[in-house]
Each structure stands twice: as C-alpha cells, then as structure tokens.
Amino acid sequence: MAQNTVERTPVTLLGLGAMGTALARAWLAAGHPLTVWNRTPAAASALAAEGARIADTAAEAVAANALVVVCLLDDDSVDAVLEGTDLADTDLVNLTTSTPAQARARAEWARERGARYLDGGIMAVPPMIGAPEAGGYVFYSGSRGLFERHRQTLAVPSGTTYVGEDAGFAALHDVALLSAMYGMFAGAAHAFALIRKEDIDPAALAPLLADWLVAMAPAVHQTADHLRSGDYAQGVVSNLAMQVAGTPTFLTTAEQQGVSPELLSPYFDLMSRRLAVGSGEEGLTGVVDLLVR
C-alpha cells in the first residue's frame, strides 16, 4: 500500500519572543520537526508539550538541523547568540529586524562562516502568523536558490515575497512600507486631534477616515509611474500649485483648534520648496527628489 505521507523539513528556531513563538507553533502544527532555543528556558518549555525539541544551547540547536531560522531582538543579539557556533553548510534565515546595511553585512558574515543566507522582513504581527486569511507575509532577499529550496517551509507560518539577490532588499522593503504606515498614522493622529475638543464622536470619524485613506491609496501608483517616466505632471488632477495654495487653510484650522501643526508642517514645507524649483503643473512626486540626499 502506498504511503500518503509527506516528509516535512526539520527546522531550528532561535528566539521565542512573541513572534518566534508564533512561528514555532505554525511549524509544529504543520508537522515540521522543530528544535528550539531561547535565552530564557521558560519560554521554550511550553513548546515541548506541543512537540518541540528543546536545545540546551544555541550551538546545539544549530547543529540539529540544516535549516536554521533566527528571530531575535536585534542585530547585536544575533552576534551574541551565534558567537562560537559552527555554521558551516547551514541554511541561515534571519528574521531579526535590521537595517539594509546590517543585512548585507550579516550575509557576508554568514558567507565567511560557510553558511548560505537569506534575510527576512516580517510584514505581520504575531496573531497573523499561521493564519493565511490575515494577509501577513515575509519579504525575503539573498540567495534565490536557498529561497526556492525552502519556499514551502518558509510559507507555512506566513506568505512569502522574494525581492532580490541583494540581502539588504528585504529590510529595505520592510522599512519602506512601515515608514509609509507611520506617515499614515501621523495623518490620522492629526485628524483626531482636530476634533478632540469638539462634540464629535471619534468613532463616527473613524470609518470616514478609513474609507478616505483607502480611496487615496492608489495615488502611490501614479507616484511610481512618475518616478519611472520622469514626467511628474502626467495624469495630475490636483496640481502642486493648487495644493500649496491650500496649505494655509490646514495650518490656520490647526491653530484655531489648538492643535500643533508639527506633523503636517514638514511636508507642507517640502511642497513649497518643490514648487519653487519645479513646475506648478506637476503633482507631489517631486517631494521624493527633495528627500534624497
């Protein structure tokens, strides 16, 4: 009788914070043999009951499997945990948050120690891990061959998006998207501040605000097209001159509402600077060029 079993790639996971624990449980639930290590043993003990093998040291955990996933606090933690471990012929996947420069340096560090390297940027919070319907995913960059070898295993906790051979690209995509997110949060904070002292229910404003942000989100495609073509006026409906002329209304309203303009003023200043050196018929894309040093 044919066996209807699928061999699951064994995984070693270093780091069992909230994200690491979520990753561990996703691999265990999918049937992957899992070896884990954490600086604080208590964080690992709960996973033993779920089938994980607990290593006493990071070196022991690394030696247990060819695929080693690292999910630690920061880049310095990676140095501290992997110091003295034998990484020769290891497939090292680093999901620790880092800068592009740190990721590139880590890739070279791994190569010098005989390891193959992938860097990852997690676009999810722990509750989204192991829940495909939540829409989370991980950016990966570095060795394409390594990514393809472990694509199915890496896709168990969350979706995967490969962004290039440059090991720094995952971190760069991660920070780029999160930077846009914080910009959105800044705008939302200013919007809520404007109504804070009024008889307006924030819960009533929230759906209006969310719908408006969704409606404006496609503008990023026009920005990308402008940057590729160099024509910053193509398809523009609300031109720069008109938008700069309207900024005093926003600043005066903030003053009248007793709200600091500090979240808006820097962007408005960039818009005015661009108008001074560019064309009033273009859109807002020129602000990008002012930011690049």
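1. Helix α6 (residues 144-154) holds both glutamate 148 and arginine 151, 3 residues apart, about one turn of the helix. The two form a salt bridge (a side-chain nitrogen of Lys or Arg within 4 Å of a carboxyl oxygen of Asp or Glu), with their closest N and O atoms 2.7 Å apart. Glutamate 148 is partly exposed at 37% relative accessibility, and arginine 151 is partly exposed at 35%. (Buried means under 20% relative accessible area, exposed over 50%, partly exposed in between, with a 1.4 Å probe and protein chains only.)

2. A network also turns up: salt bridges that share partners join Asp89, Asp91, Arg116 and Arg149.

3. A note on the basis: this is a predicted model, where local features need pLDDT of at least 70, side-chain atom pairs count only at pLDDT 80 or more, and totals for chains, interfaces and linings use all residues. Residues are numbered from 1 along each chain as its sequence is written, and side-chain values use heavy atoms, leaving out hydrogens and water.

4. Searching the whole structure gives 12 salt bridges. One of them pairs arginine 106 with aspartate 75 at 3.1 Å, N to O. Arginine 106 sits in helix α5 (residues 100-112) and aspartate 75 in helix α4 (residues 75-82), so this pair ties together parts 31 residues apart in sequence. Arginine 106 is buried at 3% relative accessibility; aspartate 75 is buried at 13%. (Helices are DSSP runs of H or I, at least four residues; strands are runs of E, at least two, both numbered from the N terminus.)
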